[in-house]
Amino acid sequence: MLSLLPLSTLLLVTQALASPLTGTESKPLPLLIWHGLGDNYAADGLHSVGDLANETNPGTYVYYIRLDEDAGSDRSATFLGNVTEQIAQVCNDIAEHDVLSQAPGLNALGFSQGGQFLRGLIERCGDRVNIKNLVTFGSQHNGIAKYQICKDGDWICKGYIGLLKANTWGAWVQGHLVPAQYFKTTNETTGEPTDEYLEASNFLADINNERKLKNVTYAKNLAALDNFVMYIFEDDTTVIPKESGWFAYTNITTEHVTPLRERDIYKEDWIGLKKLDEKGGLHFKTTEGGHMNLGDKVLKDVFKTYFSPAKASWNGVFESVQEIIEL
Ligand SMILES: *[C@@H]1O[C@H](CO)[C@@H](O)[C@H](O)[C@H]1NC(C)=O
Ligand SMILES: *[C@@H]1O[C@H](CO)[C@@H](O)[C@H](O)[C@H]1NC(C)=O
Ligand SMILES: *[C@@H]1O[C@H](CO)[C@@H](O)[C@H](O)[C@H]1NC(C)=O
Ligand SMILES: *[C@@H]1O[C@H](CO)[C@@H](O)[C@H](O)[C@H]1NC(C)=O
Ligand SMILES: *[C@@H]1O[C@H](CO)[C@@H](O)[C@H](O)[C@H]1NC(C)=O
């Protein structure tokens, strides 16, 4: 029966019937997870997070964002690559994905740098990928002021950092070394970003709309979220300053923190955060422990509060096709 219908008809009928016939077996929206630096999409730890999401909200389809199907190459891409191109690739992958492209919306969970990359994806690719709720843990939304990446004794990593530090604002480094693209220097006296950052930053200065010309699409897309939940780790010593996870500015000398709501990016609403805040969608959260020291409890709370099917749901791809066959 199914094979007699041309595919285009089937899709049309599916869409037409999806809403009136449904409501009983609604599923949570699919979940995107973007891992951090040095991790890969196939890692056990990451999959245990996805499993917990499925356990908390049964039936959750989880997609682990990757830049390569090969786990080793995906890991390399956390260190090496042009973030603009990486986000464009992820945008295509999701927009063309069999299941994800059918869902009426998606939830997203970003760990560390994966958090600001998901935000970049929302801003740049909002017309093709419809993310409803974004949760970030230990991300660097206002950049990093120091490269604090290597473990003691990791000489390959130290060589990499040497390369980063030597020429952070050079075109080659900005086009190839990932952390440089969210590194940010600020004039400590004025609190203003430095000219070299504004001129050279390949990623952060753009998605934060810090340059004179603002992209209004970025603000529109971010303000359209239902929720943007930003967690920082209380004792984070890796992200410097850790308040970057809340878009705050920290004076490195005095450690005085200027919260987002007192900054121009918010007051002039460069990227839609003020609008989102005014409708109750912007959340500042703290969790205990060091960088990415995540327990099941906080994750479960997040899944229940923001990714529950009671808020937004769908029927999944298979159920819709099933209904046609039954007819
Ligand atoms: C979610 O859990 C159910 C059973 O609890 C399992 O059948 C299903 O395969 C899981 N889905 C994913 C994406 O892991
Ligand atoms: C603004 O961003 C959108 C989405 O990435 C892009 O299509 C558009 O070209 C950008 N506009 C400008 C003026 O750069
Ligand atoms: C990063 O990639 C984009 C898109 O290909 C390109 O326009 C840009 O110049 C690249 N950035 C750098 C610093 O090479
Ligand atoms: C910081 O800004 C002040 C005031 O505009 C200026 O005098 C100073 O040279 C700047 N410092 C640096 C390192 O650019
Ligand atoms: C940062 O602290 C220093 C030392 O107190 C002070 O001179 C400077 O004005 C502060 N910068 C900002 C932007 O508040």
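Analyst: In strand S5, Ile-131 is the bridge partner of Leu-106, and this pair belongs to a set of 6 bridges that join strand S4 (residues 106-111) to S5, the two running parallel. Strands are DSSP runs of E with at least two residues, helices are runs of H or I with at least four, and both are numbered from the N terminus; two strands are said to pair if DSSP finds at least two bridges between them.

Before going further, please note that this is a predicted model, in which local features need pLDDT of at least 70 and side-chain atom pairs count only at pLDDT 80 or more, while totals for chains, interfaces and linings use all residues. Residues are numbered from 1 along each chain as its sequence is written, chains are lettered from A and ligands numbered from 1 in the order in which they are written, and side-chain values use heavy atoms, with hydrogens and water left out.

S5 itself covers residues 131-137 and is mostly covered, since 6 of its 7 residues are buried, where buried means under 20% relative accessible area, exposed means over 50%, and partly exposed lies in between (1.4 Å probe, protein chains only). For the protein as a whole, 50% of its 327 residues count as buried.

S5 also pairs with strand S6 (residues 227-233), in the parallel sense and over 5 bridges, and here Leu-134 has Phe-228 in S6 as its bridge partner. In a regular strand, side chains alternate between the two faces of the sheet.

The path from S4 to S5 includes helix H5 (residues 113-125), and together S4, H5 and S5 make a right-handed β-α-β unit; right-handed here means that, with the strands pointing away from the viewer, the path from the first strand over the helix to the second runs clockwise. In the loop between S4 and H5 lies Ser-112, whose phi is near 50°, a positive value in a residue other than glycine. Ser-112 counts as buried because its relative accessibility is 10%.

Beyond S6, the loop between S6 and strand S7 (249-250) holds Pro-241, and the peptide bond from Ile-240 to Pro-241 is cis, with omega near -5°. Further on, Glu-255 is placed in the loop between S7 and strand S8 (257-258) and has a positive phi of about 65° although it is not a glycine. Glu-255 counts as exposed because its relative accessibility is 62%.
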